[in-house]
Amino acid sequence: MQNADPIAEFMAKTETSLQDGTFVRLVLSGSLQPSDGVERVTVRKVQLRQVPHLAVTFKRRTNDVAKNIPLERGMGWLEEQMQGAWKNALLGTTQKDWQLHFPRNGQPQLSSHKPAIVTAPAPKHDRERVRLLDAAANDWLAALGVAEANGRVLPSMADKHRQINRYLEILSHLLDDCGWRPGQPLNIADMGCGKGYLTFAAWHWLRRTKNSPVEVLGVESRADLVEKTNGIAKEIGAEGLTFLEGTIDQARIKDIEVLIALHACNTATDEAIRRGTEMRAKLIVVAPCCHKEVRPQLQHPTVLAPVLRHGVMEERMAEWVTDGLRALYLEWAGYKTKVFEFVSSEHTPKNLMIAAVREGEPFTDHAARERIEELKNFFGIKKHSLDTLLRVPIPEK
Ligand SMILES: C[S@@+](CC[C@H](N)C(=O)[O-])C[C@H]1O[C@@H](n2cnc3c(N)ncnc32)[C@H](O)[C@@H]1O
């Protein structure tokens, strides 16, 4: 028998399964709004700070974007998705799978099938996120003031500890993307490494956890920090980990396959990108910090002018343009880029990460170069620190 209101019934089944613990997942597929670039959406249930949330993953062609929505608001959001955004919605429960199909013409159709998965996933908890730092990390975490000697994370450093784990999680995926496998050698430079939290973390995970012959170099302009981090590395016997006093643009480094620069100030991020592209690093990962170069140059295109007269909008647009251009320069240099938030914005607003995996020949894609020029011209930008990359002559066709 055809349901009177298949959407209402699908939503009711979803709500019931979320309440009674039989919910497995919900998948939206067959986008009817291709312009937004999202090809598929997967919804799971998670517990964040003891509050149930929908963990939603938006799958795009080039990257995935994850969002956690409190359950109540999430149900409203889900209901909106049922209004002509998708061709199919699949609800997986441990009892039955429910398929809601939206035909091109006619009424939505709801059907049920045997469940593909018969046990509900263990409720995921924010504190149960992937933790790549094991107890063996306690020595350097304690020396850096993140944890006590027994591994208990200091409350004031909980965000930093979470950030380190998240960073390792991302790094592990990116290394996989660029073809590195555990056991293989690798040379990494962490430019503007500061106190070395993430440098120690990368070294720890690659050397101690993955038992790989990896060399990690931290470059930092502050001599006091370099002295301290080298001291800790020596104290814990960190073979393959070194800190070097120097600047990002001039430090003597060679044979780098992975270049990282997290929160290096202003155009230091660009210097890191330039060095990474010049050395043809396999992987370049930057998380920009303050953005000062573009804003004073930013002109207000007519349509945007009424919005950009608000200082905060102009500031955000300047950041957007700066980082957008960085991704475009990397593409011109032959890299495939992903831009995403690397920690939740509630922990730090400086949470944008640009990851670039070497893909093709550098400086040969005319269209990639034109995209840079067009964006610069649109906003009247005359000078960008990465313009050095544009000096590379374009080969004849
Ligand atoms: C905000 S801290 C970030 C530290 C570390 N990357 C992290 O994310 O935890 C920026 C560090 O970069 C260093 N730095 C900034 N510009 C630099 C440059 N041009 N060369 C070397 N180090 C630089 C600063 O001294 C500072 O320690």
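Here are a few notes on a sheet, the helices lying across it, and a helix pair.

1. Ground rules: this is a predicted model, where local features need pLDDT of at least 70, side-chain atom pairs count only at pLDDT 80 or more, and totals for chains, interfaces and linings use all residues. Residues are numbered from 1 along each chain as its sequence is written, and side-chain values use heavy atoms, with hydrogens and water left out.

2. The sheet is open, with seven strands in the order 11-10-9-12-13-15-14 and mixed pairing. Strands (E, at least two residues) and helices (H or I, at least four) are DSSP runs numbered from the N terminus, and two strands pair if DSSP finds at least two bridges between them. At the edges sit strand 11 (241-245) and strand 14 (335-341), each pairing on one side only.

3. Look at strand 9 (residues 186-191) and strand 10 (residues 214-220): they run parallel, joined by six bridges. Ala189, for one, has Leu217 in strand 10 as its bridge partner.

4. Helix 5 (residues 197-209) lies across strands 9, 10, 11 and 12, at about 180° to strand 10. Axes here are lines fitted to C-alpha atoms, for helices over the stretch in contact, and angles run from 0 to 180 degrees between N-to-C directions. Contact means heavy atoms within 4.5 Å.

5. Helix 1 (residues 6-20) packs against helix 2 (residues 71-81) at about 160°, axes 11 Å apart. That makes the two roughly antiparallel (angles over 145 degrees). Met11, Thr14, Glu15 and Leu18 of helix 1 meet Leu71, Met75, Leu78 and Glu79 of helix 2.

How values were computed. Parallel < 35°, antiparallel > 145°, perpendicular 65-115°, else oblique.
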